[in-house]
Amino acid sequence: MMNNNKSSGNYSHRPLLRRLGLIGGLSWHSTLEYYIYLNQTINDHFGNNTNPPLVLVNLDQYTMHQLQQSDHWDVITEMLIDACDQLYQGGATAAMFCANTPHKVYHDVQAHSRIPILHIGDATGAAIRKKGLRKVGLIGTIFTMEEPFIAKILKDHYDIEVIVPDTKEDRKKLHMIIQKELSLGILKPETKKYILDQVAILATKGAEGIILGCTEFPLIVGQDDIKIPLFNTTMLHAQMGVDFILGI
């Protein structure tokens, strides 16, 4: 017969961790990086195999890309609001978009969400300020580079100037690389060279650091490839999630 008192006692000293909701699938490759980082960092914090309480809603990236291309951001907003509601129903007390581009509609989603959404721009801005930098380059999807939803929060909240590749052609090519290669797990040497060439150009224009403003970029380039500080939004955002879970 099971000793229920003894069994219950095994759980009496488990840490109280806050449950975090992840909106993933954008792409699943980078969502996996979030999942690995969150679990490994919490394991390391406690020095054992304590895992964080997570809830995941996995969205369909193909549908999301089609909606982006047809400029149906209102539908994307509704999808994200619904995802936040699913996370809330699953017991999450905060949410994260596991990508940069959905932050284009962050404010509309947050206004209808019953739980707070941790903004990737805040995670990035705090890290840049900690380094003492004032001007950084940003590469990401064409939406992230051409619209102000990341640059504005960095300027308004952290007094950081953002520059992006000059030409529309380069911005479109970076966007294509994300959607047609990296989000499918395709990593080509020539693609890596192109990305590093864009980073080098931004550095010549005064960028003191580089924001990898798409959660797929860290799959192909890292700090060892770049001389100036690199800001990996995937890891910075995931660390923000760790801090939330631990109540830091």
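In this briefing a residue is called buried when its relative accessible area is under 20%, exposed when that area is over 50%, and partly exposed in between, as computed with a 1.4 Å probe on protein chains only. By that scale aspartate 159, at 41% relative accessibility, counts as partly exposed. The structure is a predicted model, in which local features need pLDDT of at least 70 and side-chain atom pairs count only at pLDDT 80 or more, while totals for chains, interfaces and linings use all residues. Residues are numbered from 1 along each chain as its sequence is written, and side-chain values use heavy atoms, with hydrogens and water left out.

**Salt bridges**

- A search of the whole structure finds eleven salt bridges, a salt bridge being a side-chain nitrogen of Lys or Arg within 4 Å of a carboxyl oxygen of Asp or Glu.
- Side chains of opposite charge can pair when their charged atoms come close.

**Lysine 104 and glutamate 147**

- The side chains of lysine 104 and glutamate 147 form a salt bridge with an N to O distance of 2.4 Å.
- This pair links distant parts of the chain, 43 residues apart, with lysine 104 in the loop between strand E3 (94–97) and helix H5 (106–112) and glutamate 147 in the loop between helix H7 (142–146) and helix H8 (151–158); helices (H or I, at least four residues) and strands (E, at least two) are DSSP runs, numbered from the N terminus.
- Lysine 104 is partly exposed, with a relative accessible area of 25%, and glutamate 147 is partly exposed as well, with a value of 26%.

**Arginine 171 and glutamate 146**

- Arginine 171 meets glutamate 146 in a salt bridge of 2.9 Å, N to O.
- Because arginine 171 lies in helix H9 (residues 168–180) and glutamate 146 in helix H7, the pair ties together parts that are 25 residues apart in sequence.
- Arginine 171 is buried, with a relative accessible area of 13%, whereas glutamate 146 is partly exposed at 35% relative accessibility.

**Aspartate 159 and lysine 155**

- A salt bridge at 3.5 Å, N to O, joins the side chains of aspartate 159 and lysine 155, and salt bridges that share partners join Arg134, Lys155 and Asp159 into one network.
- Lysine 155 is partly exposed, with a relative accessible area of 44%.

**Leucine 32**

- Leucine 32 is placed in helix H2 (residues 28–46) and counts as partly exposed, at 38% relative accessibility.
- Leucine 32 and cysteine 98 are 66 residues apart in sequence, and their C-alpha atoms are 9.6 Å apart in space.
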